[in-house]
Amino acid sequence: MPFEASSSRFRIPAWGICLVCLALPLLASCKRNPDASSSGIPINTEAGLSDAPFISGDGQRLYFTYSRYDFGQWFMSGGARPPVLSGPDRAGLHHSANPFDESDIYVATRNPDGTWSEAVNLGLNGAYGDTGGMEINGGNTFVWLQGNGTASNIVMANRNANGTWGPAVDPGPGVNDHSAGALQDSPKLSADGKTLWFTSNRALGQGGRDIWFSTNSNGSWSAPANAGAPVNTAGDEDRFWFSPGSPDLYWNGPAGIMHCFSSGSTCSGTPDAVTIPGCSLPSWVSVTDDGQRMYFACRVPETGRMKIMFSVKQDSGSWGVAHLVD
């Protein structure tokens with residue numbers, strides 16, 4: 001499938017309902033969330049799927065994947081129950097009778113009052129599933145995972161001077177391995193566009209899914225190298241994140257979101273598990289360049305659904321209570 005169908009609970013409206021607030025004190029309050037959508041279809045819909053968030057370094061653009069299909073019960077049943085077509089139809093969304101082929105990347109822009117604009121289709125989505133995107137170069141270069149009907153490829157595109165997007169460019173067979181059973185996912189570009197980090201279960205890894213990276217020299221991408229220990233273990237690792245302005249590395253591992261301080265391309269010490277009060281199963285971490293706000297997708301065990309949330313770094317260095325973005 002083009003994305004990991006994730007989980008979450010139902011959406012708390014921005015205007016708040018006090019009875020709901022009493023039931024879910026860790027995830028919302030009766031006050032209007034200052035980090036909320038200002039109008040139209042919210043980022044977190046009551047049905048369908050909003051997943052795979054990425055916050056721009058300046059905190060002004062929030063990218064995410066959207067599908068009308070609700071994968072909560074599909075996830076909870078281990079695939080026995082099909083995804084449900086239940087979400088609203090966002091403008092520009094491509095439709096598919098196959099729920100695993102319907103997902104597009106959207107972007108919401110922060111308003112002057114701190115709320116989020118209604119999300120718009122990014123305009124580079126293909127005919128099948130698109131997900132897991134992130135920007136560099138002020139939003140003018142984008143990398144993401146694009147389906148082709150049978151498999152998914154990591155691709156990149158540059159924005160033209162008139163605001164349209166150039167064609168999706170495949171970095172090549174070294175990155176996109178379509179050997180039997182192999183996959184690639186969750187791409188992350190360095191700020192200069194010269195290093196590509198991604199997830200793969202290809203051969204010669206540490207076990208399961210690992211973090212890999214490839215470098216670009218004279219327009220060609222090198223054969224990917226495994227990030228090695230202590231980032232990769234015998235379990236599954238995924239969704240690597242780093243920032244040019246921060247020594248912090250984050251990724252998903254068997255113990256949840258992991259963190260370490262970087263020493264070049266790896267950790268300078270033993271990784272530690274990140275705790276975010278109000279979300280027991282966070283993933284898809286990205287952090288603003290000032291290191292103060294973390295955005296992530298939160299899976300709620302009871303429903304199998306996903307919501308996009310954020311946390312603010314505390315003076316102690318820990319992360320504060322998770323809040324819905326709208």
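Trainee: What pattern do the disulfides of the chain follow?

Mentor: Counting bonded cysteines along the chain, the pattern is 1-2, 3-4. A disulfide here is a pair of cysteine sulfur atoms within 2.5 Å. Keep in mind that this is a predicted model, where local features need pLDDT of at least 70, side-chain atom pairs count only at pLDDT 80 or more, and totals for chains, interfaces and linings use all residues. Residues are numbered from 1 along each chain as its sequence is written, and side-chain values use heavy atoms, with hydrogens and water left out.

Trainee: OK, how many disulfides does the structure hold?

Mentor: Two. One joins Cys-260 to Cys-267, with 2.0 Å from S to S. That link is left-handed, at -75° about the S-S bond. The other joins Cys-279 to Cys-298, S to S 2.1 Å, and this link of Cys-279 and Cys-298 is right-handed, with 120° about the S-S bond.

Trainee: Where do Cys-279 and Cys-298 lie?

Mentor: Cys-279 is in the loop between β19 (272–273) and β20, while Cys-298 is in strand β21 (residues 293–299), so the pair ties together parts that are 19 residues apart in sequence. Strands are DSSP runs of E, at least two residues, and they're numbered from the N terminus.

Trainee: New topic: Ser-246. Why does Ser-246 count as buried?

Mentor: Because its relative accessibility is 17%. Ser-246 sits in the loop between β15 and β16 (248–253).

Trainee: What does the side chain of Ser-246 make a polar contact with?

Mentor: The side chain of Asp-248, at 2.8 Å. A polar contact is a pair of N or O atoms within 3.5 Å; within protein, one must be able to donate a hydrogen and the other to accept it, and residues adjacent in sequence count only if both atoms are side-chain atoms.

Trainee: How far apart are Ser-246 and Gly-291?

Mentor: In sequence, Ser-246 and Gly-291 are 45 residues apart, but in space they're 7.0 Å apart, C-alpha to C-alpha.

Definitions and conventions
Helices (H or I, at least four residues) and strands (E, at least two) are DSSP runs, numbered from the N terminus. Buried means under 20% relative accessible area, exposed over 50%, partly exposed in between (1.4 Å probe, protein chains only).
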